[in-house]
Amino acid sequence: MPLLEARPTPSARMRLLAPLIAIGLTLAVGSLLFLSLGKNPVEAFGVFFIQPLSSGNGWSELMVKAGPLILIAQGLAIGFRARIYNIGAEGQLIMGALAGGGVAIAFDGVDAWWVLPLMVIAGAIGGALWGAIPALLRTRFNAQETLTTLMLAYVATFALSYMVNGPWRDPEGMNFPQSIMFGDPALFAPWFEGMRVNAAILIAAVASLAFWIFTSRSFLAYQLTVGGLAPAAARYAGFSANRTVWVSLVLSGLTAGLAGVGEVAGPVGQLNLNISPGYGFAAIIVAYLGRLNAIGIVLAGLLMALLYLGGEAAQVALQLPAAITGLFQGMLLFFLLGADVFVDYRLKPRPRPAYA
Amino acid sequence: MSTPPPPFSGPPDNLPRLELTGITKRYPSVVANDGIHLKVGPGEIHAVLGENGAGKSTLMKIIYGAVQADAGQIQWNGREVVIANPSEARRLGIGMVFQHFSLFETLSVVENIALALDEPFDLKGLAARVKEVSTRYGLPLDPDRLVYSLSVGERQRVEIVRCLLQEPQLLILDEPTSVLTPQAVQKLFETLRRLASEGVSILYISHKLHEIQSLCHSATVMRGGKVTGTATPSRETPASLARMMIGRELPVCEVPAFTGEAAPVLTVRGLSHTPDDPFGTALKDIALEVRRGEILGIAGISGNGQAELLAALSGETTGPANTVVLAGTPVGHLDAGRRRKRGLTFVPEERLGRGAVPPMSLADNATLSAHGHGLVKKGFLRPKAAWEFAKTCIERFDVRCGGPGAAARSLSGGNLQKFIVGREIMQQPIAMVVAQPTWGVDVGAAAFLRQTLIDLSRSGVAILVISEELEELFEICDRIAVLAEGRLSEAVPKQQTNAEKIGMQMSGLFSDTHGTDREPAHAAA
């Protein structure tokens, strides 16, 4: 006897409650985890969620981490609404960083205002092109983008590794796999002395606004949503399935590429093998946690950024392993997907005998 | 079809086979069954008559143990029972043939039957039993054939034989004739009569009055979840049964003559298409012509190329430009959106998921196909215009719903169909293609939809209707063609043909090789 039965209409209340339930369960299981490691959960959560936000620098770091997460998730959400699953945003981020970093290296020593904008544009194009490859494979050969985007993420990692070990290696870098440090014209200047927050966060802010307008008002986003909800209806209406694939993958590649430039022209300041702490993958969780909604994604991005910061703080203050961040991310997504089931289903009452 | 029911041969002892008392089932939004009483004797063919949504299917699922009643009692051969699940129902001797078959196309007949058995089996012995039972009841079946190669009628036989193998005392059939030709219906009735004469009770669910009159000994009529009457069908008239079923007189359509010039609008020539789906039907050299002011009907049983022809007409699949011509312009290579811009609108068979996006509001669903009519401006949606469009459609076509903001999936089949038909009409087409216009729609809404289509055609629109319901085609169409095995017959004015002839063509008149269940063509007059 199945435990669940379909609701007559999806529950709007559950849709909003699901992320909160998921956060609650994550905290509960997190407590057990801390207890089993011999830590006081209250203290551990203090380190995890309160301590990072108790200084100006903490807030600055929150923005630095939330920016790329939000930016990438906004792009991914467009595709996810259309059921085009780009799970290789990490690769598109790296290709954007490579393209933007390439511009910075090529114009090293040129002191001009246009270097940074050119990097941004190059990064956007780099990411978009890396997203276009799975689009081509899907529309020409019907190769599932879920696989190709992921595989291309590994290709991108190796491309980065090759460039910083080979052609773009810093000649004076003692053979470390890294490029030269970028000059000031190729960097987003920090807004505050001693903090890393910079204008790149504005890209995420503007993108969030643009995606909000795009998803709520544009006919193209409507077509993408129809394609995701009911492919046969999209065909019936004459909406192009190929265009859905192209727009979804190129757009999400583009935002990931922008995020990549933001990293190399911001906190990282060069090309090396640690450009991204897995932003491209974490953004998948952000997109779903934010209900694929532009505003929800902003909130989810901030929460996920806090998990990153909390994870770092927990390593320092509680001597917990770095894997703790990934654990919390994983639990959050796991519980969210579980709670999401109850949007469309509910528990079935026990079968009662036929006599009342 | 007016064969009187055979004499009731089973010994009508005092013990009914099945007796339901006060069966009630509530769903969150509706009471599907409200205090239902029903009694079936051994060897009795008992009709359960009612419109869609009357609660027939829920009641049958309760008897079959697939759904649990909230209140009420079930007596089986005089003993009170609780039927917790279908396998318990089968143990008691209750078998059910569903309206929609649950067969695996890539498995053979006997493998499919084996999957549904509750006890262990050996395939060879089972195949022999399948053969024996199927011949005994006049349902010839080859146990080793793969299901995908079977016609719909044969698939239904698989389901029936599957039930018969368990030697049921009660057989439930849910709308069994909706997929059969008139000839196949007669064969099915012979089988059912034989079963009844052996003492098997039969619950026969249908909304087709003449079938019930020719087959059933007794009838329970349901409306809105309640029993509104019991009857002996042979002593009633279709009109009196209809009154019980829908609470008023059966509506009739008015078909005025078209006075304008009957110029061709939608022309198809030499359309051949092999679908990507290996189980699809290839279209072979289809030719047809729909003129202004007429309704052309295409009869035939689904699976004979209907889906492929519809997709080729609507533009969901494209082909050579010249195969489909709309008002003199070749459009065969254009997608559905581009054809719609040129004045061809389309009502698909699947309302949810194709004609409408289920979770979206009616206003958003207006934008789906009517976006070219002021609902989108410079790439941006105009929600107010869409809301107004949906509101007008709801008012003009009498769509009962919670307003333009109601989700498409919250509407009943009939009301959603009215909305979709209305939306397509409001785009002022020059030609319209409609698939199964009243499939699953209640009698009142069906009459409204038929009249709407007739009126639209008389305003000068060329309409093509594909339907499995022959009576419907004879009611609304001017000419009728038959699609069988991917070939389309010449369209004939309806006055020059009849259900018998059409039925003959439906079972594959053009075929060179006859399947085992195909009707012999020599009987054609």
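Tutor: A definition to begin with: the expected span of a helix is 1.5 Å times one less than its number of residues. Helices (H or I, at least four residues) and strands (E, at least two) are DSSP runs, numbered from the N terminus. The model is predicted, so local features need pLDDT of at least 70 and side-chain atom pairs count only at pLDDT 80 or more, while totals for chains, interfaces and linings use all residues. Residues are numbered from 1 along each chain as its sequence is written, and chains are lettered from A and ligands numbered from 1 in the order in which they are written.

Student: How far apart are the end C-alpha atoms of helix α13 (residues 413-425) of chain B?

Tutor: This helix has 13 residues, and at 1.5 Å a residue they should span 18 Å. The end C-alpha atoms agree with that, being apart by 18 Å.

Student: How many residues of α13(B) are buried?

Tutor: A residue is buried if 20 or more other C-beta atoms lie within 10 Å of its own, exposed if 12 or fewer, and partly exposed in between, with C-beta atoms placed from the backbone. Among the buried residues of α13(B) are B:Leu416, B:Phe419 and B:Ile420. The helix is largely enclosed by the rest of the structure, because the buried count out of 13 residues is 12.

Student: Are helix α4 (residues 89-106) of chain A and helix α10 (residues 241-264) of chain A parallel or oblique to each other?

Tutor: Their axes come within 6 Å and cross at roughly 55°; axes are lines fitted to C-alpha atoms, for helices over the stretch in contact, and angles run from 0 to 180 degrees between N-to-C directions. Angles under 35 degrees count as roughly parallel, over 145 as roughly antiparallel, 65 to 115 as roughly perpendicular and the rest as oblique. Therefore α4(A) and α10(A) are oblique.

Student: How many residues of α4(A) are buried?

Tutor: α4(A) has 18 residues and reaches 25 Å from its first C-alpha to its last, close to the 26 Å expected. The helix is mostly covered, and its buried residues number 16.

Student: Is A:Arg83 buried or partly exposed?

Tutor: A:Arg83 lies in the loop between α3 (56-81) and α4 of chain A. C-alpha to C-alpha, A:Arg83 is 9.9 Å from A:Val226, although 143 residues separate them in sequence. With 14 other C-beta atoms within 10 Å, A:Arg83 is partly exposed.
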